[in-house]
Amino acid sequence: MTLDAPELAPAMRPGQFALLRDPAIFDPYLRRTAWFYRIENERVACTLPARDPLAARVRPGDLLDALAPLGRAIEFDAKERRILLVSEGARVAPLIAIADSAVAQQREVVLVSRSADAFPSHLLAPEIEYRTDADALSAELIAWADAMVASGSDETYHALADAARAARYRIEPGWARVLIDLPMPCGAGECYACGVDTLRGVQRACVDGPAFDLSDLDRRRR
Ligand code: FES
């Protein structure tokens, strides 16, 4: 979904999201999360699940009520030159924004898809190395990365934590971040519907996330 929003386009950062609502329709499901995917001139491209009623209903020219930008942006420090991104299915969208930003900052980027419905490679910047084969997430690649960001299911995050421990002996705090995709009714940190259990206590995905340190989540699991 592309939003014609010239005032929003310069403000959106990789890893952030918008909460959308159709103001013309009484909608019992409140706002839904649209992940920031790309800037197209003065337009903000976001993604919703294809089966979302809002995605099915909206037509070109419709007016949407958007709360954005929300969430903490993903940034890398100067030492993080080699970036590994791990995606699962349609959850790849926020990683494309992160990849494009990292490439613009002259970082090396490898994007790995862990599912059969891989992202179309022709839509990726040529600087992004894209791997879709079953063995793409090798121990060598995990050891290579200065930083990792993943977007997928809890199962994928558990598997990544195990693979990272095997390849790097431990998951260093700050090395890996994972994006949490939960319903976020308010987006303002008020309702706690998006609470995530972490080593630091309950954090809110909408204002403390949506990215969390894998080491915080993983130690909670063990
Ligand atoms: S959505 Fe309400 S606290 Fe996060």
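**Reading the model step by step**

Modeller: Phe17 is buried, and Trp35 is buried as well, where buried means under 20% relative accessible area, exposed over 50% and partly exposed in between (1.4 Å probe, protein chains only). This is a predicted model, in which local features need pLDDT of at least 70 and side-chain atom pairs count only at pLDDT 80 or more, while totals for chains, interfaces and linings use all residues. Residues are numbered from 1 along each chain as its sequence is written, and side-chain values use heavy atoms, leaving out hydrogens and water.

Colleague: How many aromatic pairs are there?

Modeller: Rings of Phe, Tyr and Trp (its six-membered ring) pair if their centres lie within 6.5 Å, and planes under 30 degrees apart are stacked, those over 60 edge-to-face and the rest tilted. Two aromatic pairs are counted by this rule. The ring centres of Phe17 and Trp35 are 5.7 Å apart with an angle of 55° between the planes, so this pair is tilted. Phe17 is in strand S2 (residues 17-21) and Trp35 in strand S3 (residues 32-40), so that the pair links distant parts of the chain, 18 residues apart; strands (E, at least two residues) and helices (H or I, at least four) are DSSP runs, numbered from the N terminus. Tyr37 and Phe119 form an edge-to-face aromatic pair, with 6.3 Å from centre to centre and 65° between the planes. Because Tyr37 belongs to strand S3 and Phe119 to the loop between S7 and S8, this pair ties together parts that lie 82 residues apart in sequence. Tyr37 and Phe119 are both buried.

Colleague: What is the strand order in the open sheet of six strands?

Modeller: The order is S8-S7-S6-S9-S10-S13, and the pairing is mixed. Strand S8 (128-131) and strand S13 (211-213) are the edge strands, each pairing on one side only. Neighbouring strands of this sheet are turned by 20° against each other on average, direction ignored. S6 and S7 run parallel and share six bridges, with Val110 in S7 as the bridge partner of Leu84. Because five of its six residues are buried, S6 is largely enclosed by the rest of the structure. Strand S9 (residues 147-151) and strand S10 (residues 176-179) also run parallel, joined by four bridges.

Colleague: Which helices lie across these strands?

Modeller: Helix H2 (residues 93-104) lies across strand S6 (82-87), strand S7 (108-113), S8, S9 and S10, running at about 165° to S6. Helix H4 (residues 154-168) lies across S6, S9 and S10, at about 155° to S9.

Colleague: Is Ser151 buried or exposed?

Modeller: With a relative accessible area of 1%, Ser151 is buried. Ser151 lies in strand S9 and stands opposite Leu179 in S10. Leaving aside neighbours within four places in sequence, Ser151 is in contact with Val86, Ser87, Glu88, Arg91, Pro94, Leu95, Tyr157 and Leu179.

Colleague: Where is Asp216 found?

Modeller: Asp216 is found in helix H5 (residues 214-221), and at 7% relative accessibility Asp216 counts as buried. Again leaving aside neighbours within four places in sequence, Asp216 is in contact with Thr198, Leu199 and Arg200. The C-alpha atoms of Asp216 and Ala139, which are 77 residues apart along the chain, are separated by 21 Å.

Definitions and conventions. Two strands pair if DSSP finds at least two bridges between them. Axes are lines fitted to C-alpha atoms, for helices over the stretch in contact, and angles run from 0 to 180 degrees between N-to-C directions. Contact means heavy atoms within 4.5 Å.
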